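Trainee: Could you take me through this structure, please? I am new to it and would like to begin with a pair of strand residues.

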Amino acid sequence: MKRLIPVALLEMLENWLSGCFAFVKWYDSHSSVFNIRSGVRQGLVLSPYLFSIYIDDVGKLCVFRNRSFVLLYADDILLINSSVSEVQSLVTACEKVLLALDMSLNAGKSCCMHIGSRNDKPCANVCTHDDRQLSWVNELRYLGIFMVSSSSFKCSLNHAKRSFYRVANSIFGKIGRIASKDVLIELLKTKCMPILLYGFEVCNLCKKDLSSLDFVVNRFFMKLFRTSDISVLTVEKCSSLTCPVLF
């Protein structure tokens, strides 16, 4: 209503979403039908927009606080500030808005991380409204990116490399002896490379990081072409892959 949406449209949405029913199926057994009294339909085109409007007041918290940033993606919230006391104030304000929306902060899945020149020094505890402490960690995951505590913003490559090895070895183990090298390289490009490079466009990768990612692909090519000659690998990669980030 604050957005001056026509009343007729609001009534239509209310009538539409209030008529949601479901039941639980377990093998051949079914529960009784019950009414879903809150939430939006999963997979509905309008659902992301409706949820964004519903939680929009959380994103507005940074407007009234100096040097504060609130990043929202669905129900994942990232609070950024240069002061621990301001972070505590931001967490308190965020909880207040969420409670008014009949939502709550999951302290078990929430944590704090320090990035800056004194990142190795202990910080004061950040607590929720019911005195649950948020743990300080050296690494956290946000939207699939693993950030690490250091003197500057830095991402961890270890999880991406492990995921690449896991998928590449799975493909190679199943069809490596029967499929052609062209097929394996195409699968590498479409299935493995996106996993290895996911989200790294937002990271300031140094030469050492690029060499580390390059080594991961080299290891797979050594296995594929049964060679350890780096000159052969370089020629094969340049003719097979089109990845300007690494090669």
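Trainee: What is the bridge partner of Val-126 in S9?

Mentor: Leu-134 is the partner of Val-126 in S9. Please keep in mind that this is a predicted model, in which local features need pLDDT of at least 70 and side-chain atom pairs count only at pLDDT 80 or more, while totals for chains, interfaces and linings use all residues. Residues are numbered from 1 along each chain as its sequence is written, and side-chain values use heavy atoms, with hydrogens and water left out.

Trainee: How many bridges join S8 to S9?

Mentor: Two bridges do, and the strands run antiparallel. Two strands pair if DSSP finds at least two bridges between them. Strands (E, at least two residues) and helices (H or I, at least four) are DSSP runs numbered from the N terminus.

Trainee: In what order do the strands of that sheet lie?

Mentor: The order is S7-S9-S8, in an open sheet of three strands with mixed pairing. Strands S7 (111–112) and S8 (126–127) are at the edges with a single partner strand each, so one side of each has no neighbour in the sheet.

Trainee: Changing topic, how many disulfides are found in the whole structure?

Mentor: The search finds one, a disulfide being a pair of cysteine sulfur atoms within 2.5 Å. Cys-155 is joined to Cys-203, with S to S at 2.5 Å. Cys-155 is in strand S12 (residues 154–155) and Cys-203 in the loop between helix H6 (181–197) and helix H7 (207–225), 48 residues apart.

Trainee: Is Cys-155 buried or exposed?

Mentor: Cys-155 is buried, at 8% relative accessible area, and Cys-203 is buried at 11%. Buried means under 20%, exposed over 50% and partly exposed in between, with a 1.4 Å probe and protein chains only.

Trainee: And which handedness does the disulfide have?

Mentor: The torsion about the S-S bond of Cys-155 and Cys-203 is about -75°, so the disulfide is left-handed.

Trainee: Which residues are linked in a network of salt bridges?

Mentor: Arg-3, Asp-56 and Lys-60 are. A salt bridge is a side-chain nitrogen of Lys or Arg within 4 Å of a carboxyl oxygen of Asp or Glu. The closest N and O atoms are 2.8 Å apart for Arg-3 and Asp-56, and 3.6 Å apart for Asp-56 and Lys-60.

Trainee: How exposed is Lys-60?

Mentor: Lys-60 is partly exposed, at 40% relative accessibility. Arg-3 is also partly exposed, at 41%, as is Asp-56, at 25%.
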